[in-house]
Amino acid sequence: RGGLIRNLDASGNGLGLEIGGFTRVTGGRLFDNEVGLVIDQDSEAEATAFEIFTNETGAEIRSGVLRDSRVYGQTGPGIVLAGADVSVIGNRIYSNETGVLHRVVRGSNRIEQNLIYDHAATGVAVEGAQTSGGATLIMNNTVYELNAVAISVGSGSRNVEIRNNVFVRGMEPAIAVDRDSERSFLSDYNLFHSLTGGPLVVWEE
């Protein structure tokens, strides 16, 4: 029932590493691939303590958990959430185009206890999330973005909760919510620190 893989490096491929089922992988480097890591849908697989860097897309998580990893330097998104029941916990995510791109439409999904900073476009982009049910919880993260929106919610997203995060913002808002994504949206107990003028939060953009 599942297995354990340790200290795996993969580079120069279309796909660096794909896991599913009940597999556990820990340690290693995934770099210079089109996609560094894929965790298959409807799995309970977990990837821990990876260094994922300089891919086009760092990781695509369709189910399961990415934990305690460094994800940086992708030309596209660092982490893509796609599928259902995805958890991204305790990672350091920085210097990608977008840190986390969330496109999961169902299930219970968590972005939690991550350090997210220094992105070109957006720290966390929530697009079309939970349109088929379930909920997304973005909690206990530190998001430090001087030139990008920290968290954007759009494309008809539903049931998104942003709670207990620390935001440090520069030129752009910490949270931007599109008009079509206000349904069952909740933001509470967040701490904001602004380094410039302008709005902390944009509602009905």
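**A question to start with**

Is Ala 174 buried or exposed? Ala 174 is buried, with a relative accessible area of 0%. Here "buried" means under 20% relative accessible area, "exposed" means over 50%, and "partly exposed" covers what is in between (1.4 Å probe, protein chains only). Ala 174 sits in the loop between β21 and β22 (175–177). Strands, like helices, are DSSP runs numbered from the N terminus: a strand (E) has at least two residues, and a helix (H or I) at least four.

Who surrounds Ala 174? Setting aside neighbours within four places in sequence, Ala 174 is in contact with Val 149, Ala 150, Ile 151, Phe 167, Arg 169, Phe 192 and Leu 200. Contact here means heavy atoms within 4.5 Å. For a sense of distance, Ala 174 and Gly 90 are 84 residues apart in sequence and 20 Å apart in space, C-alpha to C-alpha.

**What kind of model this is**

You are looking at a predicted model, in which local features need pLDDT of at least 70 and side-chain atom pairs count only at pLDDT 80 or more, while totals for chains, interfaces and linings use all residues. Residues are numbered from 1 along each chain as its sequence is written, and side-chain values use heavy atoms, with hydrogens and water left out.

**The open sheet**

Follow the strands in the order β2-β4-β7-β10-β13-β16-β19-β22-β25 and you trace an open sheet of nine strands with parallel pairing. Two strands pair if DSSP finds at least two bridges between them. At the edges are β2 (15–19) and β25 (201–203), each of which pairs on one side only. Neighbouring strands of this sheet are turned by 10° against each other on average, direction ignored. For such angles, axes are lines fitted to C-alpha atoms (for helices over the stretch in contact), and the angle between N-to-C directions runs from 0 to 180 degrees.

Now zoom in on one pair. Strand β13 (residues 98–102) and strand β16 (residues 122–127) are parallel and share four bridges. His 102 has Val 126 in β16 as its bridge partner.

Strand β18 pairs in the parallel sense with strand β15 (residues 115–117) over three bridges, and Tyr 117 stands opposite Tyr 144. Four bridges also join β18 to strand β21 (residues 166–169), again running parallel. There, Val 143 stands opposite Phe 167.

**Nonpolar cores**

A nonpolar core is a set of buried Ala, Val, Leu, Ile, Met, Phe, Trp, Tyr and Cys residues joined through side-chain atoms within 4.5 Å. The largest one has 39 residues, and Leu 37, Leu 66 and Ile 162 have the most contacts inside it. Strand β19 (residues 149–154) supplies the largest share, three residues. Apart from this core lies another, of five residues, among them Phe 53, Tyr 72, Tyr 94 and Tyr 117.

**Aromatic rings**

Rings of Phe, Tyr and Trp (its six-membered ring) pair if their centres lie within 6.5 Å; planes under 30 degrees apart count as stacked, over 60 as edge-to-face and the rest as tilted. The structure holds six such pairs. Tyr 72 and Tyr 94 are stacked, at 5.1 Å centre to centre with 10° between the planes. Tyr 72 belongs to strand β9 (residues 70–72) and Tyr 94 to strand β12 (residues 92–94), 22 residues apart. Both tyrosines are buried.

Phe 167 and Phe 192 are also a stacked pair, at 5.2 Å and 15°. Phe 167 is in strand β21 and Phe 192 in strand β24 (residues 191–194), 25 residues apart. Phe 167 counts as buried at 1% relative accessibility, whereas Phe 192 is partly exposed at 29%.

**Salt bridges**

Side chains of opposite charge can pair when their charged atoms come close. A salt bridge is a side-chain nitrogen of Lys or Arg within 4 Å of a carboxyl oxygen of Asp or Glu, and the count comes to seven. In one of them, Arg 29 and Asp 9 have their closest N and O atoms 3.3 Å apart. Arg 29 lies in strand β3 (residues 24–31) and Asp 9 in strand β1 (residues 4–11), so the pair ties together parts that are 20 residues apart in sequence.
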